[in-house]
Amino acid sequence: MFDQINRWVSDQLAISSGPSAYLFLFLGGVLASLLPCVYPVYPLTVNFLRNRKSNLGKFAHPLTYYAGLAFIYFGFGIIAALTGGAFNQVLQLPFANLSIGLLLFAMALATVDLLHLPFFGGQVESEKNGLGGTLIMGAGAGLLSSACVGPIVVSILIAIASGASETTFGLTLGAAFKMMLFGLGVGIPVLLLGVFGMNLPKSGKWMMAIQWVFAILIGYFAIGYFVKGLNGLGFSDQMANYTIIGAILFVFAIFQIQSVQKTKQEKTKTALYSLLGVIGFLTMAANVLPSQVGVGNNMTASNSASENTEQKGELTWHLNKENAYSKAGETGKLVFVDFHADWCTNCKAFQEKTQKDEQLNAALQNAVLYKVYDTSSEFDKYRNDPRFPELKIGIPFFLITDASGNILYKTSDFTKTEEMILFLE
């Protein structure tokens with residue numbers, strides 16, 4: 001259901017113009033706020049605002065928090081207009097996904113008082129109740145939610161980039177306003193929780209149970225970001241899951257063996273610092289060992305490159321455009337183009353799908369496959385082609401053409417495999 005909401009909003013934004021486009025921007029934000037991965041923002045809002053007070057009245061902090069969330073989207077619009085959507089590329093980096101996962105994990109621990117994060121609320125002292133901190137926290141909530149509603153945000157950025165032949169003050173301001181409208185929609189539940197959530201009862205065993213439910217929910221999405229980030233670093237899903245389980249067990253073990261005289265917050269900090277030390281050591285080891293034993297792997301990659309093809313399971317990807325379209329002309333098959341980068345987590349996720357999704361794999365076997373790496377000169381040619389404003393925003397991007405290069409289908413959403421299969425068949 002949520003996937004359908006996501007796609008419906010993206011499609012409406014793509015075909016709408018004029019006043020209706022602005023309406024769909026706001027409504028799209030409201031519907032995007034229903035996506036499950038936005039849920040961690042809600043307990044964050046309640047926890048932070050519960051004890052915040054102001055001489056300006058009970059609405060001062062909720063409205064300021066809401067303004068901070070909208071402001072971060074306003075900033076996204078400016079970045080989109082000035083840089084061609086570079087922010088979207090940043091969100092594809094493994095480091096960005098691991099950082100978001102780490103922040104969500106810290107929030108999960110703080111929700112059940114296993115970690116003390118003064119900036120996230122809890123027993124906030126009165127002298128720290130200024131509106132400035134609330135504005136920053138709202139902006140942080142906007143940053144978290146933006147990572148969850150990627151396909152919709154990308155559709156807005158594409159619409160901005162497609163009309164951006166040159167950067168002007170008017171274009172930049174218009175792009176910022178469009179993104180802010182979307183952010184205002186995303187923040188509606190946050191605003192309502194901020195206004196009415198502060199009146200929730202604070203005591204009772206049932207409240208502790210709810211806190212644990214929130215913590216588990218936030219932790220679930222944290223794991224999702226960890227897996228995505230590790231995929232971007234070359235880990236398979238299975239390896240990523242085993243790594244995460246091992247890290248959790250390590251933290252739990254270090255927590256348990258510490259003195260009972262320590263507070264649970266102190267024990268959690270020590271366990272997390274210990275894990276950080278282990279990760280640092282393993283990272284250094286991983287950077288040293290490949291230089292000593294990685295000759296064989298380099299040889300395999302070199303042989304593949306010399307043949308202008310890349311083998312992934314049963315799928316053979318051409319790395320040369322001329323060869324790919326020449327074969328398409330000979331066989332009468334369609335050409336499936338995958339714009340790829342090794343740093344792009346969603347590119348890696350799609351690569352996994354091509355092996356695990358049997359229908360997609362079968363459909364791709366009936367086409368000529370052409371992979372364009374972001375480091376190739378051909379990538380720049382496609383990016384400067386006015387037919388592909390999506391590449392100004394970033395990758396992944398997928399294209400289906402006939403043997404003559406006529407466009408049949410294109411998308412930036414790696415999850416739309418059913419549509420890809422439909423066009424390929």
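This is a predicted model: local features need pLDDT of at least 70, side-chain atom pairs count only at pLDDT 80 or more; totals for chains, interfaces and linings use all residues.
Is Val-335 buried or exposed?

**Entry 1: Val-335**

I found that Val-335 is buried, because its relative accessible area is 0%; buried means under 20% relative accessible area, exposed over 50%, and partly exposed in between, with a 1.4 Å probe and protein chains only. I placed Val-335 in strand β3, where strands (E, at least two residues) and helices (H or I, at least four) are DSSP runs numbered from the N terminus. I then listed what Val-335 touches, leaving aside its neighbours within four places in sequence, and the contacts include Tyr-325, Ala-328, Val-368, Tyr-370 and Leu-399; contact means heavy atoms within 4.5 Å. For Leu-399 I also looked up the separation from Val-335, which is 64 residues in sequence and 8.0 Å in space, C-alpha to C-alpha.

**Entry 2: the whole chain**

I turned to the totals and wrote down 20 helices and 6 strands for the protein chain. Of its 425 residues, 45% count as buried. Among contacts between residues at least 6 apart in sequence, 72% join residues at least 24 apart.

**Entry 3: the sheet**

I followed the strands across an open sheet of 6, and I read their order as β1-β2-β4-β3-β5-β6, with mixed pairing; two strands pair if DSSP finds at least two bridges between them. The edge strands are β1 (309–312) and β6 (407–411), each of which pairs on one side only. Neighbouring strands of this sheet are turned by 25° against each other on average, direction ignored; axes are lines fitted to C-alpha atoms, for helices over the stretch in contact, and angles run from 0 to 180 degrees between N-to-C directions.

**Entry 4: strand β4**

How many residues of strand β4 (residues 368–373) are buried? I counted 6 of its 6 as buried, and both faces are covered, with Val-368, Tyr-370 and Val-372 on one side and Leu-369, Lys-371 and Tyr-373 on the other. Strand β3 (residues 335–340) pairs with β4 in the parallel sense over 6 bridges, and strand β2 (residues 315–318) runs parallel to β4 and is joined to it by 2 bridges.

Helix α16 (residues 345–356) and helix α17 (residues 358–365) pack at an angle of about 90°, with their axes 6 Å apart. They are therefore roughly perpendicular to each other; this word covers 65 to 115 degrees, while under 35 counts as roughly parallel, over 145 as roughly antiparallel and the rest as oblique. On the α16 side I noted Phe-350, Lys-353, Thr-354, Gln-355 and Lys-356, which meet Glu-358, Leu-360, Asn-361 and Leu-364 in α17. The residues of this contact divide into 3 nonpolar, 3 polar and 3 charged, where Ala, Val, Leu, Ile, Met, Phe, Trp, Tyr, Cys and Pro count as nonpolar, Asp, Glu, Lys and Arg as charged, and the others, Gly among them, as polar.

**Entry 5: Ile-421**

I found Ile-421 in helix α20, and it counts as buried because its relative accessibility is 9%. Leaving aside neighbours within four places in sequence, Ile-421 is in contact with Gln-359, Leu-360 and Ala-363. Ile-421 and Asn-361 are 60 residues apart in sequence and 9.2 Å apart in space, C-alpha to C-alpha.

**Entry 6: the disulfide**

Which cysteines form a disulfide? I found Cys-344 and Cys-347, with their sulfur atoms 2.5 Å apart; a disulfide is a pair of cysteine sulfur atoms within 2.5 Å, and the count by this rule comes to 1. The link of Cys-344 and Cys-347 is right-handed, with 80° about the S-S bond, and both cysteines are buried.

Conventions:
Residues are numbered from 1 along each chain as its sequence is written. Side-chain values use heavy atoms; hydrogens and water are left out.
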